[in-house]
Amino acid sequence: SDLIVILGHGQLARMMYLEATQLGLNIVAVNANTKEVVNPVNKSVLPLSVDEAFSAAVAITSEFEHLPLELVEKAEATGKFLPNAKAIAAGADRIVEKQLLAGLNINNCQHVIIRQLDDLEIAKAELGERIILKTSRDGYDGYGQWRIFSDQDFVNIKQELHSHNFDKMPLVAERCINFQRELSLIGITDKNGNHLFYPLTENHHADGQLVLSIAPAPKVTPELQQKAEIAYKKISEQLDYCGVLAIEFFQVGEDLLVNEIAPRVHNSGHWTQQGCATSQFENHIRAVAGFPLGSTKVLSPVAMINYVGHAKPKADLFAVPNVHLHWYDKSVRPKRKMGHINVVGNTAEQLLQTVRQVKAFIPEGLAKNLAPLLNQ
Ligand code: ATP
Ligand code: MG
Ligand code: MG
């Protein structure tokens, strides 16, 4: 039937669908909350149960790691789930993730696991004045995080967490890293364990959320790219991985610290839609379908601008050449990812010029996110 089932029905499933249909594959998505099987583009509910979809599928994959455990276990039990439950768990639970990285000797942020309120004192003593506290599960786009930068913050957070159920939701306290910049590596592993990589991407966040990617990241030495790929290979092999795996890094000098991993296609890989011979979405589908991977060759530099919390821009934007809007068709909410714009340039200079033009067509609140690129 060439059916692939995706757990989760957001924009990542939508973009995988759009690419997979061109490969002659059929994709359905599972709404992880309602367990309805839906079309990931128009979200219409299909006359199919999860069990029926799973038994008809050639592969089951995921667009999100924060999934109900029973759904992951059901997918795993079919023997068709790629990546696998182990990879989902490592992406979904920061404690499992830290253990994975420690076991592989991969540099990551110094941290203390907080299993009771008093552990915060240990964190303060070990990690210093500036701490980022994160829920161990369910956080994304900077949700479920507290920044503790002063004694007053520390007092406030202890108060706020007074009745927190630490057994149900342990926390992870990390040293706040004074990094030079944030980079991510998007790689793909096929069913035989062969890896392909895109070049490192430079990422900029606002309020804990990705707002701008610059790709390929400027000033990346071959040694730095290699360090990232070595980390990827260790993680991918440990997890018996298949599909796209994203790793977020902090660059400190010429070293990389892993911030977190994502067992799926990733927002910082959206630039590959216009920037590369084969996008991350197509390559993920190729990998889980058991097809040969497509070339990750870069065709041109891209600036990927996240369109957060605002209604669709006027079509005047399309008058600017080399600008590609990808809209997700969701209702507007503050901080919600509504779409993204890939700006393509033949040269870095041309890219800058086009981004300057785009700035005039997007809301003030988003235009300010372009500063890292325009004020460099
Ligand atoms: P995502 O949507 O990427 O899954 P998330 O909610 O899981 O986000 P993180 O990636 O852990 O959040 O953190 C979001 C951002 O906050 C990071 O990209 C970085 O800018 C900042 N940040 C997180 N941890 C640290 C740290 N230990 N030191 C400095 N900055 C940090
Ligand atoms: Mg995350
Ligand atoms: Mg992150």
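1. A word on terms comes before the ligand is discussed: a residue counts as near a molecule if its C-beta atom, placed from the backbone, lies within 6 Å of it, and the domain bounds come from an automatic or database domain assignment. The model is a predicted one, and the points below should be read with that in mind.

2. The domain assignment divides the chain into domain 1 (3-81), domain 2 (110-175) and domain 3 (181-374). The centres of domain 1 and domain 2, taken over C-alpha atoms, are separated by 34 Å.

3. The shell itself can be described in more detail. It holds 17 residues, of which Cys-109, Tyr-140, Glu-174, Ile-177 and His-205 come nearest to ligand 1. The elements that supply two or more residues to this shell are β6 (131-135) and β14 (255-262). Sorted by class, the shell around ligand 1 has 6 nonpolar, 5 polar and 6 charged residues.

4. The UniProt record, in an unreviewed entry, places the feature "domain: ATP-grasp" at residues 98-289. In the model, the end C-alpha atoms of residues 98-289 lie 30 Å apart, and the span is 29% helix and 32% strand.

5. One open sheet is formed by 4 strands in the order β5-β8-β6-β7, with antiparallel pairing. Strands β5 (111-114) and β7 (145-148) stand at the edges and have a single partner strand each, so one side of each is left without a neighbour in the sheet. From one strand to the next, the twist averages 20°. Within this sheet, β6 and strand β8 (residues 171-175) pair in the antiparallel sense over 5 bridges, and Ile-131 has Arg-175 of β8 as its bridge partner. Helix α5 (residues 94-103) packs on the sheet and touches β5, β6 and β8, while its direction makes about 50° with that of β8.

6. A further open sheet, also described as having 4 strands, runs in the order β3-β2-β1-β4, and here the pairing is mixed. Which strands stand at its edges? They are β3 (37-38) and β4 (59-62), each with a single partner strand, so one side of each has no neighbour in the sheet. Strand β1 (residues 3-7) pairs with β4 in the parallel sense over 4 bridges, and Ile-6 stands opposite Thr-61 in β4.

7. Some backbone details deserve a look when you go through the loops. Leu-82 and Pro-83 are joined by a cis peptide bond, with omega of about -5°, and Pro-83 lies in the loop between α3 (69-77) and α4 (85-92). The peptide bond from Ala-215 to Pro-216 is likewise cis, with omega near -10°; Pro-216 is found in the loop between β12 (209-215) and α8 (222-238).

8. Finally, Asn-105 has a positive phi of about 60°, although it is not a glycine.

Terms used:
Residues are numbered from 1 along each chain as its sequence is written. Chains are lettered from A and ligands numbered from 1 in the order in which they are written. This is a predicted model: local features need pLDDT of at least 70, side-chain atom pairs count only at pLDDT 80 or more; totals for chains, interfaces and linings use all residues. UniProt positions are given in the numbering used here, feature names are shortened, and annotations may be inferred rather than shown by experiment. Ala, Val, Leu, Ile, Met, Phe, Trp, Tyr, Cys and Pro count as nonpolar, Asp, Glu, Lys and Arg as charged, and the others, Gly among them, as polar. Two strands pair if DSSP finds at least two bridges between them. Axes are lines fitted to C-alpha atoms, for helices over the stretch in contact, and angles run from 0 to 180 degrees between N-to-C directions. Two residues are in contact if their C-beta atoms, placed from the backbone, lie within 7 Å.
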